[in-house]
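Hi everyone, thanks for letting me have a few minutes. Let me put the structure up, and then we'll walk through it together.

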Amino acid sequence: MTGTPSTACHRRGRRRILIAGGLAGAVALAWGLSGDPGAARRARSDPGAVGLLRSAADAARRVPYQGRRFLTTWKGGRSATSRVTAVHTPGDGVRYTSAAGSEGYLPDASAGDATAFTKRTLDLLTRNYTVVRKRDASILGRRACVVEARRQDGTIAGRFWLDAETGLMLHRELIDATGHPVVTSGFTEISFTLPAQGGAAPRPGRTRGSSVDAPAVTEAPAGTEPESPTSANAAPNSSATSILEVPLDARALDGLKRRGWPVPDRMPGHLTLYDARREAGGAVHLSYSDGLASVSVFVQRGTLDTGALTGWKKAVRHGRTVFCRESLRRWAVAAADGYVYTVVTDAPQSTAEAVAFELPRHPDPFWTRLARGARRLASAADPFN
Amino acid sequence: MSCLGERLTALIDDELDPAERDRVLAHLAGCAACRAEADELRRVKGRLRGLNAVPASDGADDLPSGDFLNRLRSMGAAPVPPEPPATTQPMRPASRPLRSSARPARTAAPSARPRDNRPGARAAGLTRHRRRYLVVGAATLFIGLGTASYVVGGRQHAPAVTPAFDRFAVEHALTTGDAPVTDPLTDPANQIKTAPGP
């Protein structure tokens, strides 16, 4: 015999305690191992270097300048460059003029974004990379503080040149794992003299210093309608584009999710949702970043009109078709479950494609679909309809 | 026939008055033939009485019982399950007639039987079947309509859209800090300068 009931009971109790203790230990171990991997890395990041990046956002609002900016993206051994003239007036914003004459405007309220670092993206940067200060260097004839972001394996992922005097970011480059540049942007020439006042008249209909950080309008007459979606190959001067994005807070995002909109919080490659806006055309603009590379996902209701995508490369994977195209930026367009996704990024094309393929399949909730079908059946069977 | 005729039978049946009875008995003393006939008659009568005494009859057993007839009728209508032995009063003496053997058990649920005394099994079965058909029909209708709705509701009648690439390019640039100008992809005049890399 094994024993009396009381000893069996004791044994069972002891086993339970052992199991509970084991579980608690396992949970504690898992928590300890996986807790917040960024915390350790943050500790290794140089606070001074992180501070420099943080102050660059402030400098972008505070420092008046005029100069020429460029954006170069690299694909294999080839590069594509876009150049603009930029004029910043503190309290107003930055006005851009491209070589073709199209103009853009970025108000000061969102100028913090112009350094590519907000508090949120800086947090992501220190979470995913190690930020260190390097020896000062000279760029554009000015002394600059150099900050590097390194991957876990020690390779350099990004490098920033910050003006030692004003704190403004002068140059930025992102580097892939093989050491080749992916995106380079910054000034080719800069002057810190105040620009002529004539070119900096406040825009009509816009509140200066507004707390709404989204509105960014091009040099378009007030009230101009946004261009039709078919303007992909439209007039060369697309300055008649009016843009007004409304930021979506967490509550609005939750509402969208409840209504079935696909709003994933994470994307492959440590890309994390850090900003969401509703853009003028009704699309939801989701911004993802790992701290360095930025990916924008525009989600629209509807089905994709593939007629406008002639010349795009078509890729099919896991039953999903993605249209890809590389230009200055990398584009990927996919459609699923009544939504059209447009992915645009400065990061390599593989990132855009990976994001497009990873976008959630979001079939309608069962009851929504059932109710819609019942309504259709009822309307089809209705003799008075 | 004897010399005494009817009077001999009356003597056997003890129906003669005493004077007549004496005269008949006197005759029997002298007539051997009549004596023999009287013995024969007495034997026959005794035998008949003995036959009559064997069944303790009250006359009712001569007809089949109502229960028996009922069972006969129901045999033609539907098979009746064998009566459980518990209902047949196991303590009943074996010599008792079978009358009303299962009666109490059969009448235990009188409501289940129709009033016309027809067997109840068939009507109950029909009701059960009808109910089952109703349930199966309703379920089929429900599932069919649900499936049809699900299938029909599959595709949204969403409008075909073309992404506004030029606007998206500017809006992307706004969040990444680059100059918010349209991507050359959407602006053929703003040709990108492509150069071989380092």
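Okay, let's start with one residue, T89(A). Is it buried or exposed? It's buried, because there are 20 other C-beta atoms within 10 Å of it, and 20 is the number you need to count as buried. In the chain, T89(A) sits in strand 2, residues 78–89 of chain A. Now look across to R62(A): it is 27 residues from T89(A) in sequence, but C-alpha to C-alpha the two are 8.5 Å apart in space.

Let's zoom out to chain A. It has seven helices and 19 strands, and of its 385 residues, 39% are buried. If you take the contacts in chain A with a separation of 6 or more, 53% of them join residues 24 or more positions apart.

So where do the nonpolar residues go? In soluble globular proteins, nonpolar side chains tend to be buried together. Here, the largest nonpolar core has 83 residues, and among those with the most contacts inside it are A56(A), L162(A) and Y341(A). Helix 3 of chain A, residues 47–62, gives the most to this core, with eight residues. The core also draws on both domains of chain A, with at least three residues from domain 1 (41–196 + 211–219) and at least three from domain 2 (246–366).

Take Y341(A) as an example. Leaving out residues up to four places away in sequence, what does it touch? The list is V297(A), V299(A), V333(A), A334(A), A356(A) and L359(A).

There's a second, separate core too, with five residues, including L8(B) and C34(B). On chain B, an unreviewed UniProt entry places a domain called "Putative zinc-finger" at residues 6–35. In the model, that stretch of chain B is 80% helix and 0% strand, and its end C-alpha atoms are 14 Å apart.

Strand 6, residues 142–150, has the highest confidence in chain A at 92, while helix 2, residues 37–44, has the lowest, at a mean of 51. Over residues 198–243 of chain A the pLDDT is below 50, although the model gives that stretch 104 contacts beyond near neighbours in sequence. Where pLDDT is low, the predicted coordinates should not be read in detail.

Methods. Residues are numbered from 1 along each chain as its sequence is written. Chains are lettered from A and ligands numbered from 1 in the order in which they are written. This is a predicted model: local features need pLDDT of at least 70, side-chain atom pairs count only at pLDDT 80 or more; totals for chains, interfaces and linings use all residues. Helices (H or I, at least four residues) and strands (E, at least two) are DSSP runs, numbered from the N terminus. A residue is buried if 20 or more other C-beta atoms lie within 10 Å of its own, exposed if 12 or fewer, and partly exposed in between; C-beta atoms are placed from the backbone. Two residues are in contact if their C-beta atoms, placed from the backbone, lie within 7 Å. A nonpolar core is a set of buried Ala, Val, Leu, Ile, Met, Phe, Trp, Tyr and Cys residues joined through C-beta atoms within 7 Å. Domain bounds come from an automatic or database domain assignment. UniProt positions are given in the numbering used here, feature names are shortened, and annotations may be inferred rather than shown by experiment. pLDDT is the predictor's confidence in each residue, from 0 to 100.
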